[in-house]
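Work through the exercises below with the sequence and coordinates open. Each task is followed by a solution in steps.

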Amino acid sequence: MSAAPPLSTDFEHLYGNHHHWLLAWVNWRLGNAADAADLAHDAFVRLLTRPCHFDSPQQARSYLRKMANGMCVDLWRRRSLEQAWLDALATQPEPTVSSAEDQAMVLEALGEIDTMLRELPPKVAHAFVMAVACEMTDNEVAATLNVSARMVRKYVARAMLCCMKLEARLAAGLPDERVASPAAALPATHATPALPALPVSPVSPVSPVSP
């Protein structure tokens with residue numbers, strides 16, 4: 001596979017030969033025709049914006065399948081995150097329930113945090129979640145990760161810096177500057193299921209992490 005200029009004929013050929021196949025594959029993967037149609041459409045939109053040349057139909061389908069599979073995983077992660085947040089929200093007293101607009105902002109922040117944590121080294125992400133979401137002490141986190149308390153503080157500081165950059169980026173995209181702090185969007189200990197996409201569940205003992 002090699003990069004190629006955006007030729008409409010190439011894209012039309014790919015779409016005509018592979019869209020029905022990709023739609024069927026994604027529908028089998030998701031078990032939902034509407035979601036499959038949206039995802040297959042988005043996959044070809046990505047291909048339209050980043051055109052590629054394929055040497056064979058097999059190579060094209062392998063590329064499309066890999067891309068669509070990643071999009072399926074992202075969809076499941078986002079849905080799981082949203083459901084966990086809604087479940088946590090349902091346990092709150094009625095007067096504390098946020099407006100639909102505020103809930104949408106928090107969900108956006110949680111989604112951004114999930115992405116941010118996955119881009120950090122595992123120990124940094126784990127230390128941040130255990131310290132902020134689970135309210136564990138530096139020594140408790142250090143014992144779990146088999147590092148020093150000083151290193152835990154460095155890990156958390158690094159993650160908090162990423163949160164500050166994320167908050168600034170989110171605020172820049174909102175004209176009224178109403179944005180929930182990403183770190184504040186992390187639920188308290190009783191609501192930690194709102195971070196189901198982490199490699200290790202924050203509410204259970206954390207498996208040893210390799211250096």
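Helices here are DSSP runs of H or I with at least four residues, numbered from the N terminus. The model is predicted.

**Exercise 1.** Find the residue just after helix 5 that takes a positive phi, and describe the helix itself.

Solution.
- Step 1. The residue is glutamate 135, whose phi is about 60°.
- Step 2. Most residues other than glycine have a negative phi.
- Step 3. For the length of helix 5, 12 residues at 1.5 Å a residue should span 16 Å. The end C-alpha atoms are 16 Å apart, in agreement with that value.
- Step 4. For burial, 10 of the 12 residues of helix 5 are buried, so the helix is mostly covered. Among them are Lys123, His126, Phe128 and Met130.

**Exercise 2.** Locate threonine 137 and asparagine 146, and decide for each whether it is buried, partly exposed or exposed.

Solution.
- Step 1. Threonine 137 sits in the loop between helix 5 (122-133) and helix 6. Its relative accessible area is 41%; buried means under 20% and exposed over 50%, so threonine 137 is partly exposed.
- Step 2. The C-alpha atom of threonine 137 is 9.6 Å from that of valine 152, a residue 15 places away along the chain.
- Step 3. Asparagine 146 belongs to the loop between helix 6 (138-145) and helix 7 (149-172). With 68% relative accessibility, asparagine 146 is exposed.
- Step 4. Asparagine 146 is not a glycine, yet it has a positive phi of about 60°.

**Exercise 3.** Check the length of helix 2, list its buried residues and state how they are arranged around the axis.

Solution.
- Step 1. Helix 2 covers residues 33-49, which is 17 residues. The expected span is 1.5 Å times one less than the number of residues, which gives 24 Å, and the end C-alpha atoms are 24 Å apart.
- Step 2. The buried residues are Asp35, Ala36, Leu39, Ala40, Ala43, Phe44 and Leu47.
- Step 3. Viewed down the axis of helix 2, these buried residues fall within an arc of 160°, so they line one face of the helix.
- Step 4. An α-helix has 3.6 residues a turn, so residues three or four places apart point the same way.
- Step 5. At the N-terminal end, asparagine 32 caps helix 2, with a side-chain oxygen 3.0 Å from the backbone nitrogen of alanine 34.

**Exercise 4.** Is histidine 18 buried or exposed, and which residues beyond four places in sequence does histidine 18 contact?

Solution.
- Step 1. Histidine 18 lies in helix 1 (residues 8-30).
- Step 2. Its relative accessible area is 4%, so histidine 18 is buried.
- Step 3. Its contacts are Phe44, Pro57, Ala60, Arg61 and Leu64. Of these, Phe44 is one of the buried residues of helix 2.

**Exercise 5.** How many disulfides does the structure hold, and what is the burial of cysteine 52 and cysteine 72?

Solution.
- Step 1. The structure holds zero disulfides.
- Step 2. Cysteine 52 counts as buried at 18% relative accessibility.
- Step 3. Cysteine 72 has a relative accessible area of 0% and is buried.

**Exercise 6.** State the confidence of the chain and name stretches where pLDDT is under 50.

Solution.
- Step 1. The mean pLDDT is 74, and 72% of the residues reach 70 or more.
- Step 2. Residues 175-180 stay under 50, and the model gives them 12 contacts beyond four places in sequence.
- Step 3. Residues 187-211 are also below 50, with 49 contacts beyond near neighbours in sequence.

Methods
Residues numbered from 1 in each chain as written. Predicted model: local features only at pLDDT ≥ 70, side-chain atom pairs only at ≥ 80, totals over all residues. Heavy atoms only, no water. Helix = DSSP H or I, 4+ residues; strand = E, 2+ residues; numbered from the N terminus. Buried < 20%, exposed > 50% of the residue type's maximum accessible area, 1.4 Å probe, protein only. Contact = heavy atoms within 4.5 Å. Arc of directions from axis to C-beta. Polar contact = N/O pair within 3.5 Å; in protein donor to acceptor, adjacent residues only side chain to side chain. Disulfide = S-S within 2.5 Å. pLDDT = per-residue confidence, 0-100.
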